[in-house]
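Dear colleague,

Please find the structure below, handed over for your records. A summary of the findings follows it.

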Amino acid sequence: MPVGYLITVAVVAIGTWCALRPVPWEHPLGRPSYIFGLAANELPFAAFFWMLLVPTALAFSEGDIDSPAAWAIVGLAVVTLPGLAVIAHRAWGERDRIERAMTEGLGDGWRACIDADLVEGLRRRRPWARILFIPIFRRRWDVRRVANLSYGDAGRRNLLDVYHHRSRPKGAPVLIHMHGGHYSGGRKNSQSLPLHYRLASRGWVTISANYRLKPQVRHPEHMIDLKKVIAWARKHAQEYGADPSTLFLAGSSAGGHMSSIAALTPNDPAFQPGFEEADTSVSGVVVLNGFLGAYWHQGPESSPMGHARPDAPPMLIVHGDLDPMVPATDIREVADGLRDASDNPVVYAELRGGHHAFDLYHSLRFEAVVDAVEAFTAWVRSRERSPRA
């Protein structure tokens, strides 16, 4: 029996099953189901080509398919194909689904409200070369990453990275992204990298930051770190070509929780001890597969809804309908509540078949999300230039 071929096909088959039928995180099998299913769900083309087609061709060419057991492995590969096709079909439709959500949240003709110079840079074609051949390679030759800059006194947990175009164009907007990890893990330079590199290649200055984690600290200490990052950006981002008066927040999972609260608490001294004078207001916020409930064993003041307000900045919330960690039903409810409270738009885009951490790769799904983030921020920037009723 070709053992290597068996292992490869089995991994794809199990991953495909877990992608199609994810197990809730609280279940004993929740963690392995999530781990197996994530890559298959986001990279169905790579799974088909590199882990089914190529190994099957090699097994036949080397004469390994010479027994009933070997043919059974081929059969497993064949029956896995429809599952991968379903996964790919779901991801294929994300662009249209997100577009409908943007129209619902921003209104008919929202793209016509974007200034001409910003419309020009919006991507219209899918980056198929990256999606098909190098989905895990995030770097771009025209973007420079300046790593491990200190913004606080908590050592490596208070370090940030800056991404900027090598030409350093002047007047660049800023985006700060906070990583996820259940507030107990994770690090900068690990999540939403396709977003960082895409925006930086378009002239943005983006920032990815570490922050203090539990159990050493709890809310609001995480929030204080994010406020320090905003203050740092307002003071230093111009050194990299930015105009920090236009500043967006983004976050994944726990980072989405943190970013949404920070966006709803501009200049709040409770989150700015010792730097109360710093301007921590933001232009808008993007939440990716975010947790938007209350912090562990704390009340509503530790949730975004606990800080909902009429003057909240525009928000874009993107969540997968098959997220095993944070049920989409919970996020829909919060999005509705924030929308009811705010005078500004709250866009909620739900991804069909999307799991948690869909922002790791240059996948068909996340590339559609990256395009939406760029379009959403362009809409907000255009409105800031010429406020519209």
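**Aromatic pairs, ring contacts and surface patch**

Y295 counts as buried, because its relative accessibility is 1% and buried means under 20% relative accessible area, exposed over 50% and partly exposed in between (1.4 Å probe, protein chains only). W296, at 27% relative accessibility, counts as partly exposed.

On the basis of these values: this is a predicted model, in which local features need pLDDT of at least 70, side-chain atom pairs count only at pLDDT 80 or more, and totals for chains, interfaces and linings use all residues. Residues are numbered from 1 along each chain as its sequence is written, and side-chain values use heavy atoms, with hydrogens and water left out.

A pair of aromatic rings is described by the distance of the centres and the angle of the planes. Rings of Phe, Tyr and Trp (its six-membered ring) pair if their centres lie within 6.5 Å; planes under 30 degrees apart count as stacked, over 60 as edge-to-face and the rest as tilted. By this rule there are 12 aromatic pairs. One of them joins Y295 and W296 edge-to-face, at 5.1 Å centre to centre with 90° between the planes. F358 and F366 form a tilted pair, with 6.3 Å between centres and 55° between the planes. F358 is buried at a relative accessible area of 0%, and F366 is buried at 1%. Y183, Y211, Y295 and W296 make up one aromatic cluster.

Charged side chains also meet rings; a charge sits over a ring if NZ of Lys or CZ of Arg is within 6 Å of the ring centre and within 35 degrees of the ring normal. K214 lies over the face of W296, 4.3 Å from the ring centre. The charged end of R126 is placed over the ring of W92, at 4.7 Å from its centre.

H356 is buried, with a relative accessible area of 4%. Leaving aside residues up to four places away in sequence, H356 touches Y34, L38, S253, N289, D323, P324, M325 and V326, where contact means heavy atoms within 4.5 Å. From H356 to T206 there are 150 residues in sequence and 23 Å in space, C-alpha to C-alpha.

Yours sincerely
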